[in-house]
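Good morning, and thank you for making the time.

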Amino acid sequence: MVGQSEGRKVVLLEPFVHQVGGHMSMMKYDEHTVCKPLVSQELSFYESLPLAMRQFTPQYKGVISVHLKKDSLGNLALLASPSLQAESCGRLDHAIGDSAVTIWHKCKWAASTGTGSEHALVKRCHTQLTKTFKDSCPGKMLLRTDLQYHTDPLLEDANGNQPERKSYNPWGLHCHRQHLNRMSSKYNENKLHQFLLLENVVSKYSYPCILDLKMGTRQHGDDASEEKKARHIKKCEQSTSASLGVRICGMQVYQVDTGHFLCKDKYYGRKLSPEGFRQALHQFLCNGNHLRTDVLEPIILQLKALLSVIRKQSSYRFYSSSLLIIYDGLEHKENTAPLDNHLQGHFQKTNCTTTHGTNHARVDVRMIDFAHTTFKGSKGNHTTYDGPDHGYIFGLENLIKILQNISEGK
């Protein structure tokens with residue numbers, strides 16, 4: 001639990017640069033801890049988490065107070081403290097200018113104006129952002145020096161296609177910008193907000209490859225309005241949520257041939273057919289040179305273990321929750337080997353070959369986002385269900401089958 005020993009320490013929150021999905025901004029508290037706005041239903045889940053599920057969820061570390069701070073230039077930052085004291089806030093203006101929060105906000109503001117006078121600011125911000133990513137992924141530069149901030153990363157081309165990004169993941173910036181704007185427009189600076197402190201599940205990875213999957217055949221919570229319910233049902237019907245019980249919400253996969261992350265977001269995931277979903281899983285497991293077969297078996301084993309646990313969780317419904325699959329883009333050289341000839345053609349379309357390693361890589365499978373999870377005894381007005389979450393189980397079973405087919409070269 002973060003807290004008592006730190007006393008009145010105030011922490012400048014930074015954007016979490018490895019957020020690949022979701023709409024709520026995740027913030028970095030320290031190297032091993034992230035935080036997000038507290039939702040009582042999610043807190044209730046973590047406080048009564050079944051023992052068997054703990055290995056498949058981030059460690060819950062407590063609750064923290066957060067407030068918005070604006071410096072004399074109008075730059076916004078989020079400040080956190082286990083025991084926030086008003087008198088300490090006034091002494092932080094000198095620190096705000098150096099925060100990654102302010103960097104990101106400045107960059108996007110300058111980009112949106114698109115004037116030449118702001119170009120130098122954008123360049124300076126890029127230099128500072130590059131340092132943030134270098135600190136997060138030590139050892140190698142992940143950002144190209146020609147990033148174009150004047151292009152909205154979420155725009156699609158005339159055909160509705162999303163270009164493959166091979167630089168930084170833009171989704172965290174998108175969520176962070178929206179979050180800051182919401183907070184600054186709705187609340188004054190003195191308003192205290194509660195945030196959940198959670199384990200940073202990618203902190204042990206040098207180049208975290210992350211797949212964010214929205215699980216289950218239903219995404220709306222019991223508390224959803226009729227309008228929201230209809231919207232979520234339509235999204236499920238028009239995506240692999242209905243046919244497979246799982247859809248892609250975002251991903252980043254390290255490409256060793258370029259030294260960048262290839263990134264996709266939820267809009268890409270919604271458009272995928274079942275076959276497109278299978279190809280996207282191939283892509284997530286491909287590092288630009290070969291298929292990472294060394295991570296396949298441990299991922300499948302962990303998914304099977306999770307499936308066994310979920311089947312035993314009577315009354316739980318994990319509506320709108322996500323599942324993260326994580327492995328390291330930094331590969332042990334001894335795990336690579338030449339491609340078998342009979343598999344060569346199968347992986348040509350993904351520009352990947354296969355490797356057969358003797359050592360299994362470290363991977364993580366983690367459930368996240370429980371704001372709409374319900375179970376017997378949980379807080380709020382909701383339906384009490386019997387038996388396990390069959391929609392979630394359906395998604396897990398299909399995910400395991402697809403990965404097994406990839407492993408077998410089918």
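Predicted model: local features only at pLDDT ≥ 70, side-chain atom pairs only at ≥ 80, totals over all residues.

Which residue does the side chain of K36 meet in a salt bridge? The partner is E42, with N and O 3.2 Å apart; a salt bridge here is a side-chain nitrogen of Lys or Arg within 4 Å of a carboxyl oxygen of Asp or Glu. Residues are numbered from 1 along each chain as its sequence is written, and side-chain values use heavy atoms, with hydrogens and water left out.

Is K36 buried or exposed? K36 counts as buried because its relative accessibility is 7%, and E42 is buried too, at 1%. The cut-offs are under 20% relative accessible area for buried, over 50% for exposed, and partly exposed in between, with a 1.4 Å probe and protein chains only.

Let me place this pair in the wider chain. The protein chain has 12 helices and 16 strands; these are DSSP runs, with helices being H or I of at least four residues and strands E of at least two, numbered from the N terminus. Of its 410 residues, 55% count as buried. Among contacts between residues at least 6 apart in sequence, 77% join residues at least 24 apart, where contact means heavy atoms within 4.5 Å.

E42 is one of the buried residues of α1, along with Q41, L43, S44, F45 and Y46. Because 6 of the 8 residues of this helix are buried, α1 is largely enclosed by the rest of the structure. The cover over those buried residues includes β4, β5 (60-70), β7, β12 and β16 (373-374).

Between β4 and α1 there is a loop, and L38 is placed in it. L38 is partly exposed, at 22% relative accessible area. Leaving aside neighbours within four places in sequence, its contacts are L43, V63, Q194, F195 and L196. V63 is 25 residues away from L38 in sequence, yet the two C-alpha atoms are 7.9 Å apart.

I now return to the charged pairs. The count of salt bridges comes to 11. In one of them E331 meets R292, at 3.6 Å from N to O. E331 lies in the loop between β13 (322-328) and β14 (353-354), and R292 in the loop between β11 (290-291) and α11 (293-310), so the pair ties together parts that are 39 residues apart in sequence. E331 counts as buried at 16% relative accessibility, and R292 is buried at 2%.

A further salt bridge joins E397 to R311, whose closest N and O atoms are 2.7 Å apart. This pair links distant parts of the chain: E397 belongs to helix α12 (residues 390-407), R311 to the loop between α11 and β12 (317-318), and 86 residues separate them. How accessible are these two partners? E397 is partly exposed at 28%, and R311 is partly exposed at 44%. There is also a network, in which salt bridges that share partners join E199, K204, D364 and R366.

Q252 is found in strand β9 and is buried, with a relative accessible area of 1%. What does its side chain approach? A polar atom of that side chain lies 2.8 Å from the backbone oxygen of P208. Beyond residues up to four places away in sequence, Q252 touches several others, including V17, H18, N169, F261 and F284.

Finally, the largest pocket. A pocket, on a 1 Å grid over the protein atoms alone, is an open set of points where a 1.4 Å probe fits, with protein on both sides within 12 Å along at least five of seven lines; lining residues have an atom within 4 Å of a point. The largest pocket holds about 970 Å³ of space, a volume being the space filled by probe spheres set on the points, which are joined across faces, edges and corners. Its lining has 45 residues, with G22, H23, M24, K214 and D369 nearest the centre. Elements that each supply at least two lining residues include β4, α1 and β9, and α7 gives the most, with 4.

Conventions. Polar contact = N/O pair within 3.5 Å; in protein donor to acceptor, adjacent residues only side chain to side chain.
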